[in-house]
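Visitor: I am new to this structure. Please take one part of it and look at that part closely.

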Amino acid sequence: MHSNNVTKSADVIVVGGGPAGSTVSTLIAQHGYRVKLYERERFPRFHIGESLIPETYWVLERLKMIDKMKASAFVKKYSVQFINASGKLSAPFYFWDNKPHECSQTWQVIRSEFDLLMLQNAQEQGAEVHQATRVLDVLFEDNQAVGVRIQKEDGSKEEVRAKVVVDASGQSTMLQNRFKLRLWDPVLNKGAIWTYWQGAYRAPGQDGGATLVVQTTNKKGWFWYIPQHDDTISVGVVAPFDYLFKGRGSHEQTYDEEVEACPAIKERVSIGRRATGYFATKDYSYRSKAVAGDGWVLVGDAFGFLDPLYSSGVLLALKSGELAADAIVAGLANGDVSAAQLGRWGDKFNRGVDRMRRLVCEYYDGFSFGTFVKTFPHLKGLVTDLLIGDLFTERVDAVWQPMESLYPPEKKGIPAWSAEAPPEIAANKVNELYLPSGQLR
């Protein structure tokens, strides 16, 4: 007979086993605390967000993941390149030129494989990992999180108590929904449609692993072009939600029209063949008003997601996991699991995300890296620092004033993320992901 509601305990419970959840679990377990991680799916499972940026290195190093990454088949990534609307290819931004250190080589990953490696790594370092286990609810007493109610694969349910609950539930945003904390970005309102191509063009040599960011000819959006190690290339179009999804045909038709209208992409994929169906996602730019409360913390996409433009998703997941883990470990040591202690990293993290957001918004507003670097050659290093994800330092702020000096007279400043989307727009937003049926990857 299945027992119901047997209370077990842990120091920390982590809801979700993606990169943020496995990061926070590993770093807390390294200190000898008892961590239980609950993941509703069974890995490997599909996920988008395939391009890492160099600053992920420092968190991966703390996780003891670097040797595993080096031993993996993942494509090595040394640079990023931009193609503008008229098809002109920029010089590569080689990360090494900016920072001659091992961290300047990063990877293009297939997330099902990377996320599984990360989850196994958490387990090896002492986290107790439960897959195919749903967290039905977070338990509260006097407004403090004290545990979770779970449902196992066999259908049995139980309560598990802990001093801290970490919500790493990804775009399900469990606690963000519960406390109505979501703020939709007032500016970023994009969607994406993508598929995978086999045998499509790869540049020779070390440029073969570069992420390409290709502006569409009509300047309405851009394509990502990300080479992977199974001979596939992830190719997606990102554009304003209304442009991509309103009054257009199927995802397939819209995607094909966009490829057709973008010679730089059409040429590259024409030698390959499509390897999967079409994926789509929309309404993904949001953040939470708070990173923590008494006994609970939000990390990764459960806290927020910015935009796919500079591949910052995995970095922000790892970084939020790292900062949260350090605050939790210090809190457990002092017997303090208050919102103030568990969320003390929030301001620093938000400032870092704001720097990347600014770069994203500038690009969508017509900012040209080429023009900027020509005008301010001495700032190329700082712009590259932002592109590699060195976001949590004030020295990179030296780029903003020169950038503003190139603004056309009518251009206004970018509203803060916390300015909130107008209610009539926010009311109609619903974060969605469409997966094609059949074999994903």
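Guide: The largest nonpolar core has 113 residues, and Leu60, Phe114, Val148, Tyr310 and Ile328 have the most contacts inside it. This is a predicted model. Helix α10, residues 313-334, gives the largest share of this core, twelve residues. Apart from it lies another core of 23 residues, including Ile83, Val259, Cys262 and Ala280. Val148, one of the residues with the most contacts inside the largest core, is in contact with Ile13, Val15, Tyr38 and Val165, among others, leaving aside its neighbours within four places in sequence.

The part for a close look is helix α1, residues 19-29. Eleven of the eleven residues of α1 are buried, so the helix is largely enclosed by the rest of the structure. The buried residues include Pro19, Gly21, Thr23, Leu27 and Ala29. Among the elements that cover them are strands β1 (8-15), β2 (35-38) and β10 (157-167), and helices α2 (56-62), α5 and α10.

One of these covering elements, α5, spans residues 111-124 and packs against α1 at an angle of about 20°, with the axes 9 Å apart. The two helices are therefore roughly parallel to each other, and their crossing is left-handed. On the α1 side, Pro19, Ser22, Thr23, Ser25 and Thr26 take part; they meet Arg111, Phe114, Asp115, Met118, Leu119, Asn121 and Ala122 of α5. By class, this contact has five nonpolar, five polar and two charged residues. Phe114, on the α5 side of the contact, is also among the residues with the most contacts inside the largest nonpolar core.

Key:
Residues numbered from 1 in each chain as written. Predicted model: local features only at pLDDT ≥ 70, side-chain atom pairs only at ≥ 80, totals over all residues. Heavy atoms only, no water. Axes fitted to C-alpha atoms, helices over the stretch in contact; angles between N-to-C directions. Helix = DSSP H or I, 4+ residues; strand = E, 2+ residues; numbered from the N terminus. Parallel < 35°, antiparallel > 145°, perpendicular 65-115°, else oblique. Left-handed = near helix turned anticlockwise from the far one by under 90°. Contact = heavy atoms within 4.5 Å. Nonpolar A, V, L, I, M, F, W, Y, C, P; charged D, E, K, R; others polar. Core = buried A, V, L, I, M, F, W, Y, C linked by side-chain atoms within 4.5 Å. Buried < 20%, exposed > 50% of the residue type's maximum accessible area, 1.4 Å probe, protein only.
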